[in-house]
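Subject: Structure handover

Hi,

Here is the structure I promised to pass on. Please open it first, then read my notes below.

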Amino acid sequence: MDSIGTNFRHGANFATGGSSVRPPGFSPFNLGIQISQFIQFKARTTTLYNQLSLNRRIPLSISNLPRPAEFSQALYTFDIGQNDLGHGFQTMSEKQVRDSIPDIVGELSKAIHILYKEGARFFWIHNTGPLGCLPYNVIYGKKPGNVDKNGCVKAQNEAAMEFNKQLKNKITWLRTQLPFAKFTYVDVYSAKYDLISNAKKLGFVDPFNFCCGSFYGYHINCGKKAIVNGTVYGNPCDHPSNHISWDGIHYSETASMLVSNRILNGSLSDPPVSIQDACHHQTDI
């Protein structure tokens, strides 16, 4: 969306905060909109690149546009689906959320097929994290008997694990349907759940404490100061790096870095390839 003067030689981001695979959701920019934006981006940059190629007075080396051939050499990354589940738990019953999972995964599969037709060949796909461990969901979803040994909401984590199971099965099927594609399935759930399980050993405070904002009866966004019954909310904590959660929903920078270190090296991937090798692996698993 910040496209003026941007260098797209190293990629482009179509993801937005709160986006989901299916509408409605927390954001109007669902996956279908993002795919449409990508197709427009690819068409426009290809046209502009070809125009620059004909104009020898403008060196191509100064162009910020991707080369047309690079669209088939790029790595297409996905991290989506958690907001579908999260929005579902706010608007539907637990059974309805679980029943919606096949359609969510099916729509994601359709999007991948569209990208494949557009020339995409290399896909790096994250599964979804432990939804029931987000402090926001623990605060509003915790009830007697419905939490696991770490204090996470069981039903929400079970739905996340079911989503991940169906997503992995769908990727296995896609490998048979799209013979020239290479898929890397990344187990983000395990990386995040291990982090939460070992929070204190890793030097973090209680994983359900968050650094900024408040949800206790009031939804106060981080950075927006408010005083409720004499207590000031909205200011960030003094030591953000000691928290796994930044604002009750999003992970802190330190926690995100630890998760990234776990997933980028390929140790939690199927097949077990690092992100550096994801565009080159030849394993047909």
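**Notes on the model**

P271 is found in the segment after strand 6 (269-270). P24 has its place in the segment before helix 1 (31-54). For context, most peptide bonds are trans.

A word on the source. This is a predicted model, in which local features need pLDDT of at least 70 and side-chain atom pairs count only at pLDDT 80 or more, while totals for chains, interfaces and linings use all residues. Residues are numbered from 1 along each chain as its sequence is written, and side-chain values use heavy atoms, with hydrogens and water left out.

**Overall layout**

The protein has seven helices and six strands. These are DSSP runs, numbered from the N terminus: helices are H or I with at least four residues, strands are E with at least two. Along the sequence the pattern reads α-β-α-α-β-α-α-β-α-β-β-α-β. Of the 285 residues, 45% count as buried. Buried means under 20% relative accessible area, exposed over 50%, and partly exposed in between (1.4 Å probe, protein chains only). Now take the contacts with a separation of 6 or more: residues 24 or more positions apart account for 69% of them. Contact here means heavy atoms within 4.5 Å.

**Helix 2 and helix 3**

How do helix 2 and helix 3 pack, and at what angle? Helix 2 (residues 82-91) meets helix 3 (residues 94-117) at about 150°, and their axes are 9 Å apart. That makes helix 2 roughly antiparallel to helix 3. (Angles under 35 degrees count as roughly parallel, over 145 as roughly antiparallel, 65 to 115 as roughly perpendicular and the rest as oblique. Axes are lines fitted to C-alpha atoms, for helices over the stretch in contact, and angles run from 0 to 180 degrees between N-to-C directions.)

On the helix 2 side, the contact uses D84, L85, G88 and F89. Helix 3 brings E94, V97, I101 and I104. By class, that contact has five nonpolar, one polar and two charged residues. Ala, Val, Leu, Ile, Met, Phe, Trp, Tyr, Cys and Pro count as nonpolar, Asp, Glu, Lys and Arg as charged, and the others, Gly among them, as polar.

Within helix 2, D84, L85, G86, H87, G88 and F89 are buried. The buried residues of helix 2 pack against helix 3 and helix 5.

**Disulfides**

How many disulfides does the structure hold? Two. The cut-off is a pair of cysteine sulfur atoms within 2.5 Å.

One joins C133 to C152, with S to S at 2.1 Å. This pair links distant parts of the chain, 19 residues apart. C133 lies in the loop between strand 2 (122-126) and helix 4 (135-141), and C152 in the loop between helix 4 and helix 5 (154-177). The torsion about the S-S bond is about 105°, so this disulfide is right-handed. C133 counts as buried at 2% relative accessibility, and C152 counts as buried at 0%.

Another joins C211 to C237, again with S to S at 2.1 Å. This pair also links distant parts of the chain, 26 residues apart. C211 sits in the loop between helix 6 (188-197) and strand 4 (226-228), and C237 in the loop between strand 5 (231-233) and helix 7 (253-264). With -100° about the S-S bond, the link of C211 and C237 is left-handed. C211 counts as buried, at 6% relative accessibility.

Best wishes
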